[in-house]
Each structure stands twice: as C-alpha cells, then as structure tokens.
Amino acid sequence: MRRRPRHDPAGIFTGPTAAIAVILGAVALVLLYAPIAGLAVLSFSARPLTGIPWPLTLDWYTDLFTGEDARWIGPLVTSIGIGLLVSFLATAAALAIGRVMPLIRRRGGLLVAYLSVLVLPGILVGIAVLFFYRGLLDFRTGFWSVVLVHFVWALPFALLCILIVTVRFDHRLLEAATDLGANKIRQFIDIELPLLNPGITASAFFSFLLSFNELPRTLYTRGGITTLPYYIWTASASHSSAVSLIYALSAIIMVASFVIVLIATRVLMRSR
Amino acid sequence: MASTSLDSPAAAAAARPGVRRRPLRPSVDRAALVVLTALWAIGVLLPILSLVVISVLQGRGLSFLWTVSLQPYADILVSYRIEPVLRTLRIVVVITALEFVLGFPFALWLAKGLREGWTKSILIVLLIVPFFLSPAARTIVWRPILGREGLVNILLTSTNLTAEPLDWLLFTEFAIHLGLIGPYFPSMVLPIFISVSLIDDELIKASRDLGATPMQTLRTVVLPLAMPGIAAGVVFTAVPMLGDNIASTLLGGGQVSMIAEGFDDLIRAMNYPAAAALGTTLLVAFAFLALCIRFVLKRLGTGFDIFEGMKG
C-alpha cells in the first residue's frame with residue numbers, strides 16, 4: 001500500500017512559509033467563526049444588541065418558550081416537515097442517478113447538468129421558479145414550490161455524497177449475485193444498500209440541513225408558507241425587541257446543525 | 001443487450017483479467033435515470049433558462065405579454081441605476097482575489113504540508129460545516145459588533161483610542177467586505193485542497209531531486225496540476241457571491257445596495273421582466289466565466305475528472 005505521507009514531501013514549506021500559510025488561513029477562519037461564536041455568546045447577554053456579552057442571563061432562552069414569543073414553533077414544524085420531505089426526495093433521486101452514472105460513457109455533460117445549479121445564486125433560482133411556474137404557467141406558489149427550490153439546492157450535494165460511494169462500488173459483486181440466482185430486488189437490498197449506506201446516510205443528513213437552513217431561494221417562492229429561516233430573517237430585519245430572542249433561537253439551531261454535520265461527515269469519512 | 005446479459009459476466013471478467021468491463025445494467029435503472037434527467041431538464045433547467053425569454057417580454061402583473069421589447073434592459077441600465085451592478089462586480093472581484101490570497105497557501109499547506117491526523121481532520125470539518133449553517137444568523141451578529149454603539153466602538157472609545165465612535169464600520173462597503181470574507185472562504189479552499197491532494201507526492205519529490213527550488217516546484221509542477229481546483233474555487237466563490245443578498249441587506253443596511261437588492265426593488269415595483277433581465281445578466285456572467293475557465297484549462301491541457309478524484 002501507499003507509504004505514509006511525509007511531513008513535507010515537497011520541501012515547499014520551510015518554517016516561515018508554513019507560518020505564513022497558517023496565518024493567512026487563520027485570519028479567514030477567525031472571520032468565519034467569530035460571528036458564530038459571537039452569536040452563541042451574545043445569546044446569553046442581557047443586552048445582545050450592544051454587542052457586550054455581560055451581564056449574563058438566561059432570559060432569552062426562557063422567553064423563547066413562553067406566550068407571545070413562542071411563535072417560532074409553527075415555522076419550526078413547517079421547516080422540519082419540508083426538510084424531511086426534501087431529504088427523502090433528494091436522496092432517493094440522487095441514489096437513482098448516482099448508481100447508474102458511473103457506468104455510462106458520456107457522463108460529463110450529465111454531471112454538469114446536475115451540478116451547475118450549485119453555483120447559481122440562490123435568489124436567481126427562486127425568481128426563475130416564481131416567474132416560470134407562477135408567471136408563465138399560473139400555478140399558485142406555496143408548499144410545493146418551496147419543496148422544489150430546496151430540492152434543487154439539495155440534489156447536487158446529495159448526488160456528490162452518493163457518487164463518492166458509487167464510483168468505488170464493485171459491480172462484479174452484482175454479477176456474482178446474478179450468477180448465484182439473486183433477483184434484482186434482493187441484489188439491491190442485500191448488496192448495494194449496505195455498501196452504499198454511508199453515502200445515503202450522509203446525503204439524507206446534508207439534504208435535510210440544506211433545506212432546513214435555506215433562505216434566498218425561499219424568499220420569492222414561499223407563497224404563504226413561513227419557514228424558520230424566513231421567520232428569523234423578518235424578525236432580525238425588524239427593529240423590535242424580538243431581535244434579542246433571535247440570537248438564542250439561532251444559537252440553538254446552529255448547535256443542532258453543527259452536531260448533525262459532525263455525525264454525517266463522520267459517517268462519510270468512515271466509509272473510506 | 002439481452003445477449004450480453006445471458007453470458008456469464010463473472011466468467012468473462014475472469015477470462016480477461018485487467019479488462020474492466022462496463023456491465024450493462026438492466027433497463028429499469030437506465031429508464032429511471034432518463035426520466036429523472038428529463039424531469040430535471042424540464043422542471044428546473046428550463047425555468048432558469050426561461051429567464052432569458054421573460055427578460056425580453058412585457059409584463060402585466062405576473063402575466064407576461066408575448067411582445068418582444070428590450071425595455072427591461074433599458075430599465076436596469078437607466079432607471080435602475082447601474083451603480084449597484086458595478087459596485088457588486090467590484091466587490092466580487094476584490095473578495096475573490098482576497099480569498100485566493102488567503103486560501104491558496106492555506107489549501108496547499110493543508111494538502112501537502114500537514115500530516116494526516118486529528119488537526120487535519122478538524123480543519124477539514126471546520127471548512128465543511130459552514131455550508132450547512134444558516135447564513136443569515138451568522139451575518140446578523142456583525143451588527144451589534146460593528147454598530148455605532150456596538151462592541152468595537154465601545155472598546156475603542158473606552159480605551160481612548162478614538163475620541164468619537166467610528167461610523168464607517170457598519171452599513172458601509174467595509175462591513176460588506178468583512179461579512180463576505182468568512183462565508184466564502186471554504187468555497188475557495190476546498191476545491192484547491194482537493195486538487196492539490198490528488199497530486200502524487202512522487203512527482204513533487206522527483207522535481208526536488210532534479211534540483212528544482214521549492215518555488216520552481218510550486219510554479220512548474222503544483223500550480224499547473226492544481227489549476228482545475230483553482231478554477232473551480234473561483235467559480236464557486238464568485239458566482240454565488242454575485243447574487244448574495246444576505247451580507248448586503250444586513251450589513252449594507254439599504255445604504256450600500258448590491259445586485260440582489262435590485263431584484264427586491266424590481267419585484268416590489270412589479271417590474272418582473274426587468275428582474276428577469278437582471279437575472280439574465282447574472283446567467284451570462286456565469287456562462288462567460290465558465291467558458292473562460294474552460295478555455296484556460298484547455299490551453300493548459302489539464303482536465304478534471306471528478307470521478308477519478310472521488311476514487312481517491
């Protein structure tokens with residue numbers, strides 16, 4: 001097998017150049033994680049809107065669950081429902097596409113067709129769906145259009161998760177199973193599913209999270225639906241006292257999302 | 001098709017060791033692929049491309065009249081000031097360049113300067129996690145930190161570093177730049193990291209053994225082989241940023257608007273064809289960038305087979 005990679009195979013990194021690379025990366029990572037940490041800290045602050053973390057309080061967390069301020073529960077249920085549906089649809093579609101794709105010759109164009117939407121600005125996808133379905137075809141936007149745009153957002157990621165396991169799938173296993181008399185369904189359940197499982201699990205988790213936290217695509221396609229990110233968006237853009245609650249709510253969601261991503265990446269990396 | 005599946009495929013494969021057969025899967029699987037791809041093309045790609053058509057129509061509410069006019073483009077060029085478009089392009093170019101400067105050495109170090117282990121795994125996870133966190137939640141926090149009565153100004157004034165609170169921290173281009181650098185860093189680093197990781201260490205060692213300095217190795221071996229990753233990094237960073245509405249809305253505060261808020265204005269003004277025209281300009285920008293990169297990669301003679309990459 002391959003030898004364990006040496007510390008610095010190229011000699012590209014002498015002490016100082018490695019230090020420069022690390023410092024540059026650290027600057028960006030701090031800019032990336034400082035607001036995330038700041039959000040967590042300020043959610044315990046009595047005056048979060050001043051940006052001062054003290055004095056500490058748990059008021060925002062308790063307020064979240066009482067009376068008027070508990071209005072986020074409806075949007076939460078909506079978002080979880082849409083997330084689960086999108087997770088199922090995207091993973092199922094990605095599985096159907098991903099298990100055949102490595103076998104076909106002209107797959108480059110196909111891959112581009114599925115992955116190109118990944119880079120399109122979210123707001124553009126939302127507007128395209130609104131204009132095409134609502135404007136040209138005269139369908140009412142609502143639950144289905146939110147599911148559609150979330151599906152479009154999740155599918156490329158789901159497909160990548162599935163492809164990571166399907167490109168390494170050895171199809172001789174299925175040929176052997178055929179020779180031994182297993183039918184197609186048995187082959188799928190007994191051979192393909194267990195071997196592709198890490199990719200499927202990761203895809204399900206990631207698709208759910210992408211849908212659950214999605215905002216720009218939802219803005220113009222939501223019809224009358226209020227998802228949790230949309231609720232947070234309108235509440236945080238307003239200048240009401242509700243903004244303080246948003247920090248606590250966002251902190252909870254962020255911690256939960258973080259945990260789910262850790263689980264999913266672990267599942268996916270284990271498969272290697 | 002039927003005749004090949006009657007052969008014993010395993011025996012055939014065994015008879016020709018080393019030859020990787022492409023087993024012909026039953027047609028149900030292929031039918032599923034064809035149906036799904038057709039649905040994807042009609043239900044998703046067609047609506048996106050239809051923006052180009054809508055952008056030359058005339059709108060009456062959300063229904064469109066089938067008369068061709070270039071009025072929408074005139075609308076976005078003249079009445080909808082061109083300023084936000086130019087500002088967006090400037091910001092996107094600056095941030096993408098900045099991400100490259102911050103990200104390329106880091107990605108190189110992560111791929112080839114760091115031993116496999118916990119540190120590496122943690123750094124990679126730290127780069128993946130942000131894709132799945134709510135972008136609005138982590139941008140909104142900059143407001144209390146940068147605001148006129150915010151944390152930075154309180155610290156600055158209480159330590160007498162400045163007499164007056166700084167008011168250029170928030171609702172300025174500075175704030176938008178600051179808010180964009182973090183979220184778009186992983187989109188630049190990850191593709192470069194993957195493509196550099198795929199470079200065989202032996203190639204780099206050979207270059208060194210033949211007497212190349214680290215700089216020469218970097219320029220003549222690593223950089224050309226990492227080109228597809230760099231190209232992907234630029235596309236993944238620049239294109240979504242063109243339509244980013246979160247940083248500009250929350251940190252520009254209506255005073256520094258970008259293209260994304262142009263959509264909002266135009267839709268609120270019920271000028272849907274002009275919104276479609278704005279969308280078409282973004283699509284054209286994307287297509288132009290993709291073609292440029294394809295051209296550059298062709299000249300370099302490198303391609304990027306994502307399938308080979310995943311076999312790792």
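Predicted model: local features only at pLDDT ≥ 70, side-chain atom pairs only at ≥ 80, totals over all residues.
Residues are numbered from 1 along each chain as its sequence is written, chains are lettered from A in the order in which they are written, and side-chain values use heavy atoms, with hydrogens and water left out.

**Interface**

- That salt bridge joins the side chains of A:R99 and B:D29, at 3.1 Å from N to O.
- Helix α1 (residues 15–42) of chain A brings 15 residues, the largest share of the side of chain A that touches chain B; helices here are DSSP runs (H or I, at least four residues), numbered from the N terminus.
- That side of chain A splits into 72 nonpolar, 15 polar and 15 charged residues, with Ala, Val, Leu, Ile, Met, Phe, Trp, Tyr, Cys and Pro taken as nonpolar, Asp, Glu, Lys and Arg as charged, and the others, Gly among them, as polar.
- The contact (heavy atoms within 4.5 Å) draws in 102 residues from chain A and 104 residues from chain B.
- About 9500 Å² is buried between the two chains, 76% of it from carbon and sulfur atoms; this is the accessible area (1.4 Å probe) lost on putting the two parts together, summed over both.

**Cavities**

- The whole structure holds three cavities of 30 Å³ or more; a cavity is a set of points on a 1 Å grid over the protein atoms alone where a 1.4 Å probe fits but cannot get out, and lining residues have an atom within 4 Å of a point.
- The largest cavity comes to about 90 Å³, a volume being the space filled by probe spheres set on the points, which are joined across faces, edges and corners.
- Both chains line the largest cavity, with A:F212, A:M254, B:S134 and B:A137 among the residues.
- α11(A) gives the most to that lining, with four residues.
- Its lining has seven nonpolar, four polar and no charged residues.

**Second largest pocket**

- This one has a volume of about 630 Å³; a pocket is an open set with protein on both sides within 12 Å along at least five of seven lines.
- Of its 25 lining residues, A:L219, A:Y220, B:D264, B:I267 and B:R268 are the closest to the centre.
- α14(B) gives the most to the lining of this pocket, with six residues.

Technical notes:
Helix = DSSP H or I, 4+ residues; strand = E, 2+ residues; numbered from the N terminus. Salt bridge = Lys/Arg side-chain N within 4 Å of Asp/Glu carboxyl O.
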